[in-house]
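Please look over the structure shown here before reading the notes that accompany it.

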Amino acid sequence: MPVPLRMIYRSSRVEERKLIAYLRSPVAIRERCGQLFALVIEGESRYFTCDLTQLTKVADYVIEVMRCEYPNLEIPFHSRWRHFEVGGVPRLAQLDSQLAGLTPLEKAAAKFDLAIVSVLLDAGAGNNWRYDEQETGLNLVRSEGLAVASFQMFCQGTFSSNNLPQVDAQRLQAFTETEFTTGFQVNTENPLVGISGRLRLLQKLGQVLVSSPYLFGDEKPRPGNLINYLLGKSQNGQLAAATVFSSVLEGLSEIWPSRLEVAGVNLGDVWQHPAVADDGLVPFHKLSQWLTYSLLEPLQELGLVITGLDALTGLPEYRNGGLCIDLGLINPKHPDVLRSPHSVASEVIVEWRALTVILLDKIAATVRGKLGMSPEELPLVKILQGGTWTAGRKIAAELRIAGTSPIQIDSDGTVF
């Protein structure tokens, strides 16, 4: 087993800062996940094998889904904004109408507010939760249901002290479980996974907004003020996706439940595996990358050019990971992997997520090769949307009742 983290790093502040910066980088995600991928390929994993001969089949399936969803292959980013228009309802047009009269910067700040809160509430809802949208009569589940619920709450001013379509620190810190369950229509017949974890995320977000004025503003701190910080990081109208990701991790790391720490800094979505060299740590930052992808579009609406999209990784969650299992790219070594629930911190889940990160890169390269497209023409964020996430949901629905994950996960509502 890895040595407890607090015993590893009795070193200089400089070394600690370097380690934290490394574990917050996409480079670290790929390198550490790559170690576990190599373990599986070498046959040393206790839980999985990997059959790379299935890559072509998986790529063909993903392309089939992409062409069905986007016949001209003009695919948008994989982001929260796709979920807001579920059912063909023009909710984003409604939002733009509600924000009419604001300056472009103020509109972008409001969209940052919405995206940040909605993504943080996006962890798996469970199989039994539904959201009934009164305005449309739609009955929505999973990510789309969570998205529309948070969208409606935002538009109604639920996250604002002034009942405006925005989010502020004061309101989040005072948010109650009753308000949360009301907004998400939770009751005994309509249970939502991880209510307490989600509520704590909102409340801690409110605290973090106050404690980081250089990111979120001195007066009336709000998530949307992060856009001013990012504009200051842009050069010649360009902004690197990795810069957005780094800023998200810097600003929001303290909202996550207390897990592993270095020098008192909460590492967030970082876990341990005994087969990983040095400190045994494996970073994923799934929700932070999902959030990063979701912040890019408001930045583009301001005229910024986003560079280095493929520096970020694919999202290690159960749709992408499920696709790899359901199509035989990842194979469990024994039935218990699929029969019993596993904690997010377990070696099974850490390995599965690590394999997913590396295999998404390989699937993306294979898809591009078959379509004759470059990474610039078809970046990973579009392949996820077109794409692997959609394909993962489709194959799950074909194989299992309610389209559940092939591996059961004990979730607290803050990771998956």
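Predicted model: local features only at pLDDT ≥ 70, side-chain atom pairs only at ≥ 80, totals over all residues.

Residues are numbered from 1 along each chain as its sequence is written, and side-chain values use heavy atoms, with hydrogens and water left out. Helices are DSSP runs of H or I with at least four residues, numbered from the N terminus.

**Packing of H7 and H8**

- Two packed helices are described by the angle between their axes and the distance between the axes.
- Helix H7, residues 104-120, packs against helix H8, residues 142-155, at an angle of about 140 degrees and with the axes 10 Å apart; here axes are lines fitted to C-alpha atoms over the stretch in contact, and angles run from 0 to 180 degrees between N-to-C directions.
- H7 and H8 are therefore oblique to each other, given that angles under 35 degrees count as roughly parallel, over 145 as roughly antiparallel, 65 to 115 as roughly perpendicular and the rest as oblique.
- On the H7 side the contact (heavy atoms within 4.5 Å) is made by Ala110, Asp113, Leu114 and Ser118, and on the H8 side by Ala147, Ser150, Phe151 and Phe154.
- The residues of this contact of H7 with H8 divide into 5 nonpolar, 2 polar and 1 charged, where Ala, Val, Leu, Ile, Met, Phe, Trp, Tyr, Cys and Pro count as nonpolar, Asp, Glu, Lys and Arg as charged, and the others, Gly among them, as polar.

**Packing of H16 and H18, and Leu359**

- The axes of helix H16 (residues 318-326) and H18 come within 9 Å and cross at roughly 75 degrees, which makes H16 roughly perpendicular to H18.
- Residues of H16, including Tyr318, Cys324 and Ile325, meet residues of H18, among them Trp352, Leu359 and Ile363.
- The contact of H16 with H18 comprises 7 nonpolar residues, 4 polar and no charged.
- Leu359 lies in helix H18, residues 347-371, and is buried with a relative accessible area of 0%; buried means under 20% relative accessible area, exposed over 50%, and partly exposed in between, with a 1.4 Å probe and protein chains only.
- Not counting residues up to four places away in sequence, Leu359 touches Phe37, Cys50, Leu52, Cys324, Leu329 and Ile330.

**Aromatic rings**

- A search of the whole structure finds 7 aromatic pairs, a pair being rings of Phe, Tyr or Trp (its six-membered ring) with centres within 6.5 Å, counted as stacked if the planes are under 30 degrees apart, edge-to-face if over 60 and tilted for the rest.
- The rings of Phe180 and Phe184 have centres 4.7 Å apart and planes at 25 degrees, so this pair is stacked, and both Phe180 and Phe184 are buried.
- Ring pairs link Trp129, Tyr131, Phe180 and Phe184 into a cluster.

**Backbone details**

- Most residues other than glycine have a negative phi, and most peptide bonds are trans.
- Gly386 and Gly387 are joined by a cis peptide bond, with omega about -10 degrees, and Gly387 is found in helix H19, residues 380-399.
- Asn163 has a positive phi near 60 degrees; Asn163 sits in the loop between H8 and helix H9 and is exposed, with a relative accessible area of 59%.
- Lys220, which is not a glycine, has a positive phi of about 50 degrees; Lys220 is found in the loop between helix H12 and helix H13, and counts as exposed at 69% relative accessibility.

Definitions and conventions. Helix = DSSP H or I, 4+ residues; strand = E, 2+ residues; numbered from the N terminus.
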